[in-house]
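Here are my notes on this structure, set down as numbered points for someone who is meeting it for the first time. Please read them with the model open beside you.

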Amino acid sequence: MSAGTGGRTVVRLGAGVLHRWLALAVVVAAWEVGTRAAHSPFFPAPSRITSRMYHLWFSGPATRLFLTADATSNVVPSLLRMATGLAVSLVAGVGLGLVLGRSERVFAYVDPAFQFARVIPPPTLVPVFIVVFKLGTQMQIAAIIFSAIWPILLNTTDGARSVDRLQMETARVYKLSAADRVLKIIFPATLPKIFAGLRLSLSLSLILMVFSELLPGTANGIGFELTDAQSRSDLPTVWAAIVLLGILGYVLNAILLAVERRVLAWHRGSRGTDA
Amino acid sequence: MLSIREVGHSYAGHVALRDVNLEVARGELVSIVGPSGCGKSTLLRCVAGLMRPGQGRVVVGGAEVSDVPDDLGVVFQDYSRSLLPWLNVRDNVALPLRRRGAPKEERRAAAARALDAVGLSASARRYPWQLSGGMQQRVSIARALAFRPSLLLMDEPFGSVDAQTREELEDLLLRIRGEGMTILFVTHDIDESVYVGDRVAVLSRAPGTVIADLPVDLPVERDQITTRELREFVRLRAEVGRLVRDGAP
């Protein structure tokens, strides 16, 4: 590639980023103008939503990372529940998926049941969760797990089933121990699929995090704050919660993508997409 | 060292191998040559213990092969699939040594020696996919060497590289052999089978069976140009070529 086309690529990339953010800025500006003109109590202006977000959550002291008491008692518990649910889904989904993917027999037994279970919308299981788990955190985390585990589990299973035959034969020839086969070959070979599942599970767990906070027995959380504000007709807070959820989803996904880029550098490299 | 006795195998009605007999002494390099689809790879997989032949048996070092024998190294044709893309070159080479229970430092030292032997010391920290095809196949060879196998199986190892790299790799193979390592070298290239071999076993078209077992009476020191000019080389190549083409002595 010549320097000229390289320079042009950079310009094009820069222009791409600019266009994306420019479009967002235009939409927000139009929203601002439109809501100010309309004076509807249901559609506060973005500037009002932003200032509500600031006062609600981010105007705390510097020693507490500018988080207010409201943020630590609502946003943080929400994120902790989501992180716990996602972490359990990841560990259980990967562990189970590796077993399922490498054992034809277990797979044959369990797959029909899993295919059945995974299509059940998690919200419909809430009555069951209420009976089985304690109201509150336990049930909320269970709801997140029941939703977030499937993409990870099914992707891991699929990935572990399709490990290259030659890689497994290499492991056999060189007599790798069972642990080494899993840790040095099957798990890394499955990682691209695991990340694909994790991306889906991340957005699902965010959805279920909010949903689970709309259930009885909830005392805090972003979802709780949202319904609470709704019952008080505090629309700026409702909108603030919605925008916060959007930002959280975006940021968490960006973090996951950054981790994936690092961990799976070999994957992109070996496919010749980015050496 | 290696004894293949009356080995036969069929896949769903298609007879791939029939009555294959071959004896290989310790330290020998025997080429197995034959037309495509004659069951060469099947035979090698039976020797490696990766599959069991339908008939007959394979004996390695006095013991019948039922699982992968100890002290076995294999170099596959498809290096890009056999090397692990998530490990760098050194860790790929050191991986088989884990089973020997050597400490990490020792494994790395052994990997470094093997990489040195194939001329890849400078690439130890790179990843397989950053290397050319010929270099990747050198890594596979280094991985087999580091393991210090008593039996090395090579399945069309130079089939996927360009002609010049192929000659380099053939010479590399001739350099690293010895020290009691027995090598079974499968190829469909007639010149190559003669150039690297102490003996050439010719397999017939499917169902594959050994139709000739020819000693290669060439000097130990071989050279890509002068060896190929020798009358014995030319004669052998023609003989093997006729056998492969006509399928009968």
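1. The buried residues of α9(B) pack against β3 (29-33), α7 (190-196), β9 (199-203) and β10 (210-215) of chain B. Here a residue is called buried if 20 or more other C-beta atoms lie within 10 Å of its own, exposed if 12 or fewer, and partly exposed in between, with C-beta atoms placed from the backbone. Helices (H or I, at least four residues) and strands (E, at least two) are DSSP runs, numbered from the N terminus.

2. This is a predicted model, in which local features need pLDDT of at least 70 and side-chain atom pairs count only at pLDDT 80 or more, while totals for chains, interfaces and linings use all residues. Residues are numbered from 1 along each chain as its sequence is written, and chains are lettered from A and ligands numbered from 1 in the order in which they are written.

3. Helix α9 of chain B, residues 231-246, has 16 residues and reaches 22 Å from its first C-alpha to its last, close to the expected 22 Å; the expected span is 1.5 Å times one less than the number of residues. Its buried residues are L236(B), V240(B), L243(B) and V244(B), and they lie on the same side of α9(B) because they cover an arc of only 95° around the axis, an arc taken from the directions from the helix axis to the C-beta atoms. An α-helix has 3.6 residues a turn, so residues three or four places apart point the same way. The face turned away from the buried side of α9(B) carries exposed residues, including R231(B), R235(B) and D246(B). Just after α9(B), G247(B) takes a positive phi of about 75°.

4. In chain B, four strands form an open sheet in the order β2-β1-β4-β5, with antiparallel pairing; two strands pair if DSSP finds at least two bridges between them. The edges are β2 (14-24) and β5 (63-64) of chain B, each with a single partner strand, so one side of each is left without a neighbour in the sheet. Seven bridges join β1(B) to β2(B), and Y11(B) has H14(B) in β2(B) as its bridge partner.

5. I4(B) is found in strand β1 (residues 2-11) of chain B, and I4(B) counts as buried because it has 25 C-beta neighbours inside 10 Å. Leaving aside neighbours within four places in sequence, the contacts of I4(B) (C-beta atoms, placed from the backbone, within 7 Å) include V20(B), L22(B) and V47(B). I4(B) and L22(B) are 18 residues apart in sequence, yet their C-alpha atoms are 5.0 Å apart in space.

6. Which residues have the most contacts inside the largest nonpolar core? That core has 84 residues, and the ones in question are V47(B), A142(B), A146(B), L153(B) and L184(B); a nonpolar core is a set of buried Ala, Val, Leu, Ile, Met, Phe, Trp, Tyr and Cys residues joined through C-beta atoms within 7 Å. Helix α5 (residues 133-146) of chain B gives the most to this core, with six residues. Apart from it lies another core, of 41 residues, among them M82(A), L86(A), I141(A) and I194(A).

7. Chain A has eleven helices and zero strands, and buried residues make up 32% of its 275 residues. The contact between the chains takes 20 residues from chain B and 19 residues from chain A.

Methods: Contact = placed C-beta atoms within 7 Å.
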